Amino acid sequence: MKRPIALSLLLALAGCGAAKQLQPAEGASLPVAPYGAKATPTPAQLLTPTTQQRPQRSDELLKNSEQRRSDEFDLPPN
């Protein structure tokens, strides 16, 4: 009894994915343009993350062992 229920739940969950472009609900419109924007963004623009939302990694990984240079500000406590 548990197996058919689990199978039907998995099939129902698999059918929940959207297979077409996102559109506003029937009778609704896109949000108004943000303050200072000249035009209302399209759905694709709203779904594309900016560099602030998904920053790129900017540091280079250490590939070779290297001696650290001395730090003149690394002083013992007084």
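Guide: A residue counts as exposed when its relative accessible area is over 50%. Keep that cut-off in mind for this predicted model.

Visitor: Why is Met-1 called exposed?

Guide: Met-1 has 79% relative accessibility. The cut-off is over 50%. Met-1 is therefore exposed.

Visitor: Where is Met-1 found?

Guide: Met-1 sits in the segment before helix H1, which covers 2-14.

Visitor: What makes the nonpolar surface patch of about 380 Å²?

Guide: Met-1, Ile-5 and Leu-9 make that patch. Nonpolar side chains are joined within 5 Å, and each residue needs over 30% relative accessible area.

Visitor: Why is H1 called hardly covered?

Guide: Buried means under 20% relative accessible area. Among the 13 residues of H1, the count of buried ones is zero. In the protein, buried residues make up 1% of the 78 residues.

Visitor: What makes Ala-33 partly exposed?

Guide: Ala-33 has a relative accessible area of 29%. Buried is under 20% and exposed is over 50%, with partly exposed in between. Ala-33 is therefore partly exposed.

Visitor: Which residues is Ala-33 in contact with, leaving aside neighbours within four places in sequence?

Guide: Ala-39, Thr-40 and Pro-41. Ala-33 itself lies in the loop between H1 and helix H2 (43-47).

Note on methods. Residues numbered from 1 in each chain as written. Predicted model: local features only at pLDDT ≥ 70, side-chain atom pairs only at ≥ 80, totals over all residues. Heavy atoms only, no water. Patch = residues over 30% accessible without salt bridge, like charges linked within 9 Å, V, L, I, M, F, W, Y side chains within 5 Å. Areas by Shrake-Rupley, 256 points an atom, 1.4 Å probe, with all protein chains shown as cover. Salt bridge = Lys/Arg side-chain N within 4 Å of Asp/Glu carboxyl O. Helix = DSSP H or I, 4+ residues; strand = E, 2+ residues; numbered from the N terminus. Buried < 20%, exposed > 50% of the residue type's maximum accessible area, 1.4 Å probe, protein only. Contact = heavy atoms within 4.5 Å.
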